[in-house]
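Sequence and structure come first.

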Amino acid sequence: INTLYDHGVLTWTGKRKMPFSDKFTFFYLPAVTAFILVVPLQLFINDNYLNIIITSLSIFVGLLFGFLTLVFDIVKNEKAIGQNPKATNEQKLKFKLVKELFINIAFAIALSIISIVAALLTRLNPTPFMHQLQKLTCYPYIKQFYLWTTNFVAIFLVLLFVATLLMILKRFFIIFTNDFNDNNANG
């Protein structure tokens, strides 16, 4: 959450404030979308969706570990430059952005693992416990609430993962575009 802020506001006011666009992208949009998919549309995660989610997230975890290694190498190279008292503001900003990118990638890896667990919970069906619950008159309501809740959480987390992944790609683009522009200007 600390990596979601407007750099311009931080520079001018000294306050790290999350802009509404980030709140919308990372919280409201995934929550509203998940709610609409689960409650009115009754889109629940079945075995096919579960396989797609697990496979996709597993592939992205491998990709993100590769990104994490790449960013770690960049951090090692930029650390000396970014922490040098004679470093320019641009160099310090780049070092800060690379550190935040590292944090975002680590968060995305953790989020993908949590998303897999949440998706698996949608298919949880403990038979002995279910037989006991079926004796209750409110069983259909409990079952529906459980399905809505687990599917909402799973879909929300997957959508949050996608938004985080897009932010990571945007930050990579910014870093490498600036590097290419610097190299073209210098050489």
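The lining of the second largest pocket has nine nonpolar, two polar and two charged residues. Here Ala, Val, Leu, Ile, Met, Phe, Trp, Tyr, Cys and Pro count as nonpolar, Asp, Glu, Lys and Arg as charged, and the others, Gly among them, as polar.

The model is predicted: local features need pLDDT of at least 70, side-chain atom pairs count only at pLDDT 80 or more, and totals for chains, interfaces and linings use all residues. Residues are numbered from 1 along each chain as its sequence is written, and side-chain values use heavy atoms, without hydrogens or water.

**Pocket**

The second largest pocket has a volume of about 300 Å³. Of its 13 lining residues, Leu124, Asn125, Met130, Lys143 and Tyr146 are the closest to the centre. A pocket is an open set of points on a 1 Å grid over the protein atoms alone, where a 1.4 Å probe fits, with protein on both sides within 12 Å along at least five of seven lines; lining residues have an atom within 4 Å of a point. Grid points are joined across faces, edges and corners, and the volume is the space filled by probe spheres set on the points.

Helices α5 (127–134) and α6 (139–186) each supply at least two lining residues. The most come from α6, with five. Helices are DSSP runs (H or I, at least four residues), numbered from the N terminus.

**Core**

The largest nonpolar core has 37 residues; Leu64, Val71, Leu101, Ile105, Phe161, Ile168 and Phe172 touch the most other members. Contributors of at least two residues each are α2 (20–38), α3 (47–82), α4 (89–121) and α6. Again α6 gives the most, with 12 residues. A nonpolar core is a set of buried Ala, Val, Leu, Ile, Met, Phe, Trp, Tyr and Cys residues joined through side-chain atoms within 4.5 Å.

Ile103 and Ser115 are both found in helix α4. Buried means under 20% relative accessible area, exposed over 50%, and partly exposed in between (1.4 Å probe, protein chains only).

| Residue | Relative accessible area | Class |
|---|---|---|
| Ile103 | 48% | partly exposed |
| Ser115 | 0% | buried |

Ile103 and Thr3 are 100 residues apart in sequence, yet 8.1 Å apart in space, C-alpha to C-alpha. A polar atom of the Ser115 side chain lies 2.7 Å from the backbone oxygen of Leu111. Leaving out residues up to four places away in sequence, Ser115 touches Leu57, Leu157 and Val158. Contact means heavy atoms within 4.5 Å.

Technical notes:
A polar contact is a pair of N or O atoms within 3.5 Å; within protein, one must be able to donate a hydrogen and the other to accept it, and residues adjacent in sequence count only if both atoms are side-chain atoms.
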